[in-house]
Amino acid sequence: QVQLVESGGGLVQAGGSLSLACVASGRTFSGFAMGWFRQAPGKEREFVAGIVWSGSTKYYADFVKGRFTISRDNAKNTVYLQMNSLNPEDTAVYYCAADPSLMVKTANKGGAGIDYWGKGTLVTVSS
């Protein structure tokens, strides 16, 4: 059974930092790109950041560039999202995703078609 399990969400004040982690299990993820999406209340799910299998290429949504950093440890089947300078607009459920063609599928509405998703972790940023 394939599982993506996120952790690290919580409540933080504006300007603060949080670090998310996602552990993948249940199959080999060799060659899979991994990434993070988020969904705020009343809004569509949106792409946040992605990283290819080798870790050599990373992609970020414009609204997180310079504030968030994605990384991965393939030996641990884990992808991370370091979030700095958080603001209330970053409040959302953050979802981990995995797919060999993830970076192409980020163009689909809400990441439709991506193979695997976690259940999400809530990040709340207070003003």
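## Strands and rings in a predicted model

Thr78 lies in strand 8. Strands here are DSSP runs of E with at least two residues, numbered from the N terminus. This is a predicted model, in which local features need pLDDT of at least 70, side-chain atom pairs count only at pLDDT 80 or more, and totals for chains, interfaces and linings use all residues. Residues are numbered from 1 along each chain as its sequence is written, and side-chain values use heavy atoms, with hydrogens and water left out.

**Around Thr78**

Is Thr78 buried or exposed? Its relative accessibility is 6%, so Thr78 counts as buried. Buried means under 20% relative accessible area, exposed means over 50%, and partly exposed is in between (1.4 Å probe, protein chains only). A polar atom of the Thr78 side chain lies 2.8 Å from the backbone oxygen of Lys76. Leave aside the neighbours within four places in sequence, and Thr78 is in contact with Ala21, Cys22, Val23, Ser71, Arg72 and Asp73. Contact means heavy atoms within 4.5 Å.

**How the strands pair**

Two strands pair if DSSP finds at least two bridges between them. Strand 8 covers residues 78-83 and pairs with strand 3. Ala21 has Tyr80 in strand 8 as its bridge partner. Strand 3 also runs antiparallel to strand 1 (residues 3-7). There, Ser7 has Ala21 as its bridge partner.

Strand 5 has two partners listed below, strand 4 and strand 6.

| Strand pair | Sense | Bridges |
|---|---|---|
| Strand 1 and strand 3 | antiparallel | 5 bridges |
| Strand 3 and strand 8 | antiparallel | 6 bridges |
| Strand 4 and strand 5 | antiparallel | 5 bridges |
| Strand 5 and strand 6 | antiparallel | 3 bridges |

Why is strand 5 largely enclosed by the rest of the structure? Of its 6 residues (46-51), 5 are buried, so the rest of the structure largely encloses strand 5. Strand 4 spans residues 33-39. Gly35 has Gly50 in strand 5 as its bridge partner. The hairpin of strand 4 and strand 5 has 6 residues between the strands, and Gly42 takes a positive phi near 75 degrees there. Strand 6 spans residues 58-60. In strand 6, Tyr60 stands opposite Ala49. The hairpin of strand 5 and strand 6 has 6 residues between the strands, and Gly55 takes a positive phi near 85 degrees there.

**Aromatic rings**

Rings of Phe, Tyr and Trp (its six-membered ring) pair if their centres lie within 6.5 Å; planes under 30 degrees apart count as stacked, over 60 as edge-to-face and the rest as tilted. By this rule there are 5 aromatic pairs. One joins Phe29 and Phe32: the ring centres are 5.3 Å apart and the planes stand at 75 degrees, so the pair is edge-to-face. Phe29 and Phe32 are both buried. Another joins Phe29 and Tyr116, with centres 6.0 Å apart and planes at 75 degrees, so this pair is edge-to-face. Phe29 sits in the loop between strand 3 (18-25) and strand 4, and Tyr116 in strand 10 (residues 116-117), so the pair ties together parts 87 residues apart in sequence. Phe29 has a relative accessible area of 1%. Tyr116, at 21% relative accessibility, counts as partly exposed. Phe29, Phe32 and Tyr116 form one aromatic cluster.

**A charge over two rings**

Which rings does Arg45 lie over? Arg45 lies over the face of Tyr95, 5.7 Å from the ring centre. Arg45 also lies over the face of Trp117, at 3.6 Å from the ring centre. A charge sits over a ring if NZ of Lys or CZ of Arg is within 6 Å of the ring centre and within 35 degrees of the ring normal.

Conventions. Helices (H or I, at least four residues) and strands (E, at least two) are DSSP runs, numbered from the N terminus. A polar contact is a pair of N or O atoms within 3.5 Å; within protein, one must be able to donate a hydrogen and the other to accept it, and residues adjacent in sequence count only if both atoms are side-chain atoms.
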